[in-house]
Amino acid sequence: MSSYSVTEPSARSKSVAAVLVVLYAVITLLPLLWIISTSFKTGPDSISYPPKAIFSPTVEGYVNLFTNRTRATTEQLATMPPPANFAEEIVRKRNEVITGPSRFGERFLNSVIIGFGSTFLSIMLGTLAAYAFSRFKVPLKDDLLFFILSTRMMPPIAVAIPIFLMYRTLGLSDTHLGMILLYTGVNISLAVWLLKGFIDEIPREYEEAALIDGYTRFQAFRQVVLPQAATGIASTAIFCLIFAWNEYAFAVLLTSGNAQTAPPFIPTIIGVGGQDWPAVAAGATLFLLPVMIFTILLRKHLLRGITFGAVRK
Amino acid sequence: MKAKLLAATTAAAWMAAGAAQAQTELTLCWAAWDPANALVELSKDFEAQSGIKMKFEFVPWPNFADRMLNELNSGGKLCDLMIGDSQWIGGSAESGHYVKLNDFFAANDISMDAFVPATVTGYSEWPKNTPNYWSLPAFGDVVGWTYRKDWFERPEIAAEFKAKYGRDLVAPQTFAELKDIAEFFQGREIDGKTVYGASIYTERGSEGITMGAMDVMYSFGFKYDNPEKPYDMAGFVNSPGAVAGLEFYKSLYDCCTPPGSSNGYMGEGIDAYKSGQVALQMNFAFTWPGFEVDPNVGGGKTGYLVNPAGPDGERYAQLGGQGISVVAYSEKQDAALEYIKWFAKPETQAKWWSMGGFSCLRAVVEDPGFATSQPYAQAFLDSMAIVKDFWAEPSYATLLQDTQKRLHDYVVAGNGTAQEALDGLVQDWTTTFEDEGKL
Amino acid sequence: MPNPLDTAARATPDRIARKLRGLSDRAIAWAFVAPTIFLLLAINIFPLIWTIRLSFTNFAANKPNAEVKWVGLRNYERILTDPDIWQTMQATAHFLVWTIVLQVLIGFTLAWLINRKFRGNDLLTTLIVLPMMLSPAVVGNFWTFLYQPQIGLINYAVEFFTGIPASSFSMLGSVTLAPWAIVIVDTWMWTPFVMLICLAGLRSIPDYIYEAAEVDRASPWRQFWTMTVPMVLPFLMLAVLFRGIENFKMFDLVVQLTGGGPGDTTLLSSIELKREAFEKWRTGYSSAYAIILFVTVFGLASIYVKALNKVKER
């Protein structure tokens, strides 16, 4: 290609585009920033009107998120030993005492186990199936593919009752394994479809060369196709994780004490009285972090994964 | 070889027994709200006395009924003890989710006469008004009102009100007075902020607007059915009084609530009140201890008010609150009963009240010091004397959902008339009872 | 790399080797596809069949002891003749159509702008996709806070820019505004998804096509309509398919935002379904409802996928 390219946009069109995109980013990130800033507000600051953009930050919301508290009278407080740590100091200012840790830590850990577990499983099964669909003559291939996609059309509530009854019989109700299998079952359609697209793009010639070199199919798959599909796998993993991490309908209906994840938990954090917005915001912020980090780490793959289509014949 | 085997078996048996003894763990299920935290604290005494470890499963209000009824309906063993909502009692008794407690009460000298009568009827009995007990009253609750005493007492506001209405600005005794006051405050500037009249229940999803509208309609003459003939609803549910009550509720919603009050229940009410947006607030009594210690509205700024009277002087209030029951599917029913026995003790109940739990024990609430023990104690006592509750039928959830739909459609969405809404409700409820075989 | 297997393979006559390979191909194909199919059968198909069975009964999951009767098609009849169901369908359609229209327009525009490849476009892309990583339930919950007429950010922003007093309107409380309020939140959240797929489409267009067009002196406008749009269309249609299916099932976000209110204004099919199934416990009836919804979306999607394949073949 010559140094001059007609497809390289002009400097002016670039800067106009940049301004517009930045504008959109600012608008779209504002609610997100509001969540994060609310997590550092005190209760009264969070519900003040007009809304406060400038406030003195506090970690009260985070303390509330991780603790259970109860009210204490001033007299009761006076008889207590001095606060043992900063968290107690913060809640005592509001005439409360910490009664123990909240369930948020457990719920968060459940989300990690279930979210990442089901993502891993979806990717593993999805890659295998996508490869088979891409390379082999599978009988009724198109029908099977559409069947796989169609399982995603079922409203989750519709299958929730049979699944609930089935899980109870199998002892999978309210367990991590049950939720991992369930989310994998939901995600796998997306995984197969996305991964098939990526694997279709990998020239068959690579494998054929490997086969001619005497590799078995499986070796060719593992040593030739998988590395080539890495970007596709990474970006598919992001989409699977986003779903499993954030799922609500099944979680609220099928889990309770043991395997409940964070999404049903966060909207219902209440303080002493009404909804504790700083704690909700703190929960939302913390809950966003792992997916955000995962995405940023895999950002190159996500973007390269998108451009991967560019080499399409 | 034999000796070895014997030793091994003994060791195993001993270990199993030891494990069972040391590991008795009870799970108590309730809503995730402030009183639940107090109960955790209170239960530490039980753990110390009995050696039984308490675990808690608190489900937030919006999902509480769904989640717990789901659990009970599928015979789940998650909960040994359940502090279930008052309306579940019919279904739980008839489907055998709860253990019947009559024998246990008799054996342990627990008398239901020792509890406030309304709470026994409301939380424990099924069928209602028969001595069949399925729970022990655990947390008394009732809809009442709070008002900004500090605003009412400001001379300039009081004077302006008197000039306009020809009477003093004091806590309202009738709904008509309440609306005057709400209208008076609506849109007023106080301390540089616009404030509004009243916060009321309007929530669509679970039970909010039903609790709120019923709370008002009772005093206007609404009845669930013919006192002479059960399930005979036409002319009672949609009586002229009931229609007037619902119209009143809508007019209150239209004239005097803060903007955006279209989907509010307990939490939103608390927010509106604490942030200083409203002069009056409808809410369950459980919220009151929280206001007393709030930096914005606590320390004497808040007055507590029994539900006002209707046009004919009738005065009722919507019952809230729950009883504690033993789940029939639990494998640790004995330990669970032990907890109830401990919970029923007068000293436990007295401590419960001091920690913000609304005890239903007469020895506690009839104590001469009770009424003055907290600024809201008298209002709570008076309110508990005039309570009514929604259907506690096995099909309560269907009845409730139909009510939510009809009421929200009229009050908030503004579709149709109050007469149409209540006529429709009679129809819906009739269908449900017909499906049940009760009609 | 010399490998004993290689040598062995080379030693066998070509015909036999191919046959062996072909056999193992089939075995591998099945071994690779089977776990997925098995999981789908267990998690999706088996419950679906169960749901179909329940839909012909009067079963109520909260009355396990009650006698279960076959009621034939009565559940279906009741649903299809209930005027309230059509209102729910309308609310769902409104939500579906407008979220897709807005997300496609904004998402495509954004992708097209980002494809100008200005400096920092990678970073901006990563920032823009953040909203879709949040949990819809948490988003719905938090937006009720943002939509609060006085303490919320949205009304305050509207007042700031337009002068309309913040307390004069309620996005979630008004019958006219609430259907748009839920569209706005979904669009905020999922436009990045459409944008990502469009971007993939745009970057798949080989440069030489534009170079050729430039040689032919086609105007940028013409290039856009005759090359960019047709090349991106299959991608865009795939994005629409996924968003369409997701939003037909929409539950968590809207249930947290409005709970279906005011009245039944934003009562989407899935919310109604959840009420019937898990609040009123009319299991048989709600199973029939679920099947009707499933057949609807399945039918629409089948037609759509056929169209998509045609576009792809072109």
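Residues are numbered from 1 along each chain as its sequence is written, while chains are lettered from A, and ligands numbered from 1, in the order in which they are written. As the model is predicted, local features are reported at pLDDT of at least 70 and side-chain atom pairs at pLDDT 80 or more, whereas totals for chains, interfaces and linings use all residues.

The predictor assigns the complex an ipTM of 0.84 and a pTM of 0.84. Among the elements of chain A, the lowest mean pLDDT, 61, belongs to helix α16 (residues 299-308), and the highest, 93, to helix α6 (residues 104-135). The pLDDT is below 50 over residues 1-5 of chain A, a stretch with one contact in the model beyond near neighbours in sequence; two residues are in contact if their C-beta atoms, placed from the backbone, lie within 7 Å. Residues 307-313 of chain A also stay under 50, and for these the model has 14 contacts beyond four places in sequence. Chain C has a mean pLDDT of 85, and 92% of its residues reach 70 or more. Over residues 1-12 of chain C the pLDDT stays under 50, with eight contacts beyond four places in sequence. Where pLDDT is low, the predicted coordinates should not be read in detail.

Chain A comprises 16 helices and two strands. Its C-alpha trace spans about 85 × 65 × 35 Å along the principal axes. The radius of gyration of chain A, taken over C-alpha atoms, is 25 Å, whereas a compact globule of 313 residues would have a value near 20 Å, the globule rule being 2.2 Å times the number of residues to the power 0.38. Of the 313 residues of chain A, 53% count as buried, a residue being buried if 20 or more other C-beta atoms lie within 10 Å of its own, exposed if 12 or fewer, and partly exposed in between, with C-beta atoms placed from the backbone. Among contacts in chain A with a separation of 6 or more, 76% link residues 24 or more positions apart. A:Gly43, which is found in helix α2 (residues 43-46) of chain A, is buried, because 26 other C-beta atoms lie within 10 Å.

The contact between chains A and B takes 24 residues from chain A and 30 residues from chain B. On the side of chain A, the elements that give two or more residues are β1 (67-71), β2 (96-101), α8 (156-170) and α13 (249-254), and the largest share, four residues, comes from β1(A). By class, this side of chain A has nine nonpolar, 12 polar and three charged residues. In this classification Ala, Val, Leu, Ile, Met, Phe, Trp, Tyr, Cys and Pro count as nonpolar, Asp, Glu, Lys and Arg as charged, and the others, Gly among them, as polar.

The domain assignment, whose bounds come from an automatic or database source, divides chain B into domain 1 (22-141 + 321-388) and domain 2 (143-318 + 392-436). The centres of these domains of chain B, taken over C-alpha atoms, are separated by 27 Å, and their contact takes 25 residues from domain 1 and 24 residues from domain 2. The elements giving two or more residues to the domain 1 side are α2 (34-50), α3 (61-73), α4 (89-94), α18 (377-384) and β11 (387-388) of chain B. That side of domain 1 has 12 nonpolar, seven polar and six charged residues. In chain C, domain 1 (4-54) and domain 2 (82-313) are assigned, with C-alpha centres 37 Å apart.

Helix α6 (residues 117-124) of chain B is largely enclosed by the rest of the structure, because six of its eight residues are buried. The buried residues of α6(B) pack against β4 (136-148), β10 (317-326), α18 and β11 of chain B. The largest nonpolar core has 311 residues, and those with the most contacts inside it are A:Ala284, B:Leu81, B:Leu246 and C:Cys198. The largest share of this core, 17 residues, comes from helix α8 (residues 178-203) of chain C. Such a core is a set of buried Ala, Val, Leu, Ile, Met, Phe, Trp, Tyr and Cys residues joined through C-beta atoms within 7 Å. Beyond its neighbours within four places in sequence, B:Leu81 is in contact with residues including B:Leu26, B:Ile324 and B:Tyr339.

Notes: pLDDT = per-residue confidence, 0-100.
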